[in-house]
Amino acid sequence: MKTIMRKLFVDVKKKNVFLWTAMSGGIISASSVITLLVLTRVLGLTEAGIYSIALSVSQQLSSIGTYCLRTFHSSDINKKYSFNDYRNLRIISCIAMLIVSIIWVWVYHYDGYKASIVLTLCLYKVVQSYCDLYEGTYQRNNRFDISGKSSFTKECAAVVSSIIIICLFHNLFFAMLSMSVVYLVLFFVIDVNIIDCFEIKEKVKCNWHNICSLLVVGFPIVVNSYLMLYINNSSKYAIDQYCSEAEVAIFNVLYMPIFCINLLMGFVTRPLITVLAVKVEEKKKKDVRNILLKEIGIVAIITLVVILGMYTVGLAILGFLYSMELAPYKTELLLLLFGGAFYATYTIFYYVITILRKQFTLLVSCLFGAGVAVGLIPFLVKNYGMLGVSAGYAVIMFCIMMICRFFTMIYLKKYDKTERKG
């Protein structure tokens, strides 16, 4: 088995980095879209609404599971921390995520069925979070093609299994559970058999000094990511609290085009993380600035294309696919798309700040955004419905983006001054 997996994933003549990045990003972003489509058609809007909330919760808590160290890990090109250090921390963070998941469903007083769906999806994200450690290791060793290929294979198989169970047995719980089982089996088949090609096999031992160091390094990143996911999901939580589960499903469908923006941006930004890290290490600040400007330009183009597409035929197609009347929500969709574009631009600044190892400043923007979301979003939902919450989302994302842009420009100027002195 080990020989077969290495031939399929490691010993390949053509790496096809862009192809596998596109395919893995595509299936990851499309998986929730496809699952929601099947659920809406087969089980109805109520089940789709429950799935939407469970997905939002699991995505938010997955920031704890991964400890948001993927960017830091893949840009650790000098290997300051060993694979063992990252693995031990990931075990701790995954256990923490499971505990927080249980606390979450208790605090929000979900009924038994809704709680079971939330916990099952959280379990799936725990499995994904641990596998992400291996995918980050491939990327750190400049084999992003393997990361994409492994991720695509596991995600695709998991989604297909869940759809089959939904269609044949009409059971959402077992569909979500099957995803965890399939993903975990493929992890042992693929990743466990090829990881030795990139990391020296080490005894599982705890270097508490390095683990604590990583905990400190990752703390501002995980808090920032958790808050950012809360800001993204606060609209859904408020609609879930004050409106029906059917309305949650409608809002989730309107929110889907934002995935298009972030999906397409993922193709551009993720492969460039290691490149940016090398440019920073080599003190090539002009190259860093050029990459930054190029990516912001790409965000603008993608946003314009998505807006034109959604306003011409996209909204009608979404409405047809999900059996929903979405024409009255054009303004809400436009506001959400602008918010998505601001979020995609923020992500670019996030990568640069993390690579420059100034991640504590990320907390400033997200603490501001989370504070505004807590106070403003519930008020907007109660008084202005989806229009209000969409406008609130766009404004919050714009403010967060501008704060991160401000810090990025300051840090790049400081590096310029350091370079001139050198």
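Before anything else, a reminder on handedness: I call a crossing right-handed if the near helix is turned clockwise from the far one by less than a right angle, and left-handed if anticlockwise. Also noted: this is a predicted model.

**Entry 1, α5 and α10.** I started with helix α5 (residues 83-107) against helix α10 (residues 208-242). Their crossing is right-handed. I get an angle of about 35°, with the axes 11 Å apart. From α5, the residues I find in the contact are Asp85, Tyr86, Asn88, Leu89, Ile92 and Trp104. They meet Trp208, Asn210, Ile211, Leu214, Leu215, Tyr226 and Tyr237 of α10. Sorted by class, I have 10 nonpolar, two polar and one charged.

Next I looked up helix α13 (residues 285-322) and helix α14 (residues 330-355), which pack at about 160° with axes 10 Å apart. Angles over 145 degrees count as roughly antiparallel, so that is what I call α13 and α14. This crossing is right-handed. On the α13 side I listed, among others, Leu292, Glu295, Ile296 and Val299; the α14 side includes Lys330, Leu337, Phe338 and Phe349. The class count for this contact is 17 nonpolar, three polar and two charged residues.

Which way does α6 run relative to α8, parallel or antiparallel? The angle between helix α6 (residues 112-140) and helix α8 (residues 172-189) is about 15°, and their axes are 9 Å apart. That makes the pair roughly parallel. Here I noted a left-handed crossing. The contact divides into 17 nonpolar, four polar and one charged.

I then went to the largest nonpolar core, which has 127 residues. Which of them touch the most other members? I found Val57 and Tyr346. Helix α15 (residues 362-421) gives the largest share of this core, 17 residues. I followed up on Tyr346 and left out neighbours within four places in sequence. Its contacts are then Asn224, Met228, Ser365, Cys366, Ile400, Met401 and Cys404.

Last stop: a serine in helix α3 (residues 45-66), Ser52. Is Ser52 buried or exposed? Buried means under 20% relative accessible area; Ser52 has 1% relative accessibility, so I put it down as buried. Beyond four places in sequence, I see Ser52 in contact with Leu36, Val248, Ala249 and Asn252.

Technical notes
Residues are numbered from 1 along each chain as its sequence is written. This is a predicted model: local features need pLDDT of at least 70, side-chain atom pairs count only at pLDDT 80 or more; totals for chains, interfaces and linings use all residues. Side-chain values use heavy atoms; hydrogens and water are left out. A nonpolar core is a set of buried Ala, Val, Leu, Ile, Met, Phe, Trp, Tyr and Cys residues joined through side-chain atoms within 4.5 Å. Buried means under 20% relative accessible area, exposed over 50%, partly exposed in between (1.4 Å probe, protein chains only). Helices (H or I, at least four residues) and strands (E, at least two) are DSSP runs, numbered from the N terminus. Contact means heavy atoms within 4.5 Å. Axes are lines fitted to C-alpha atoms, for helices over the stretch in contact, and angles run from 0 to 180 degrees between N-to-C directions. Angles under 35 degrees count as roughly parallel, over 145 as roughly antiparallel, 65 to 115 as roughly perpendicular and the rest as oblique. Ala, Val, Leu, Ile, Met, Phe, Trp, Tyr, Cys and Pro count as nonpolar, Asp, Glu, Lys and Arg as charged, and the others, Gly among them, as polar.
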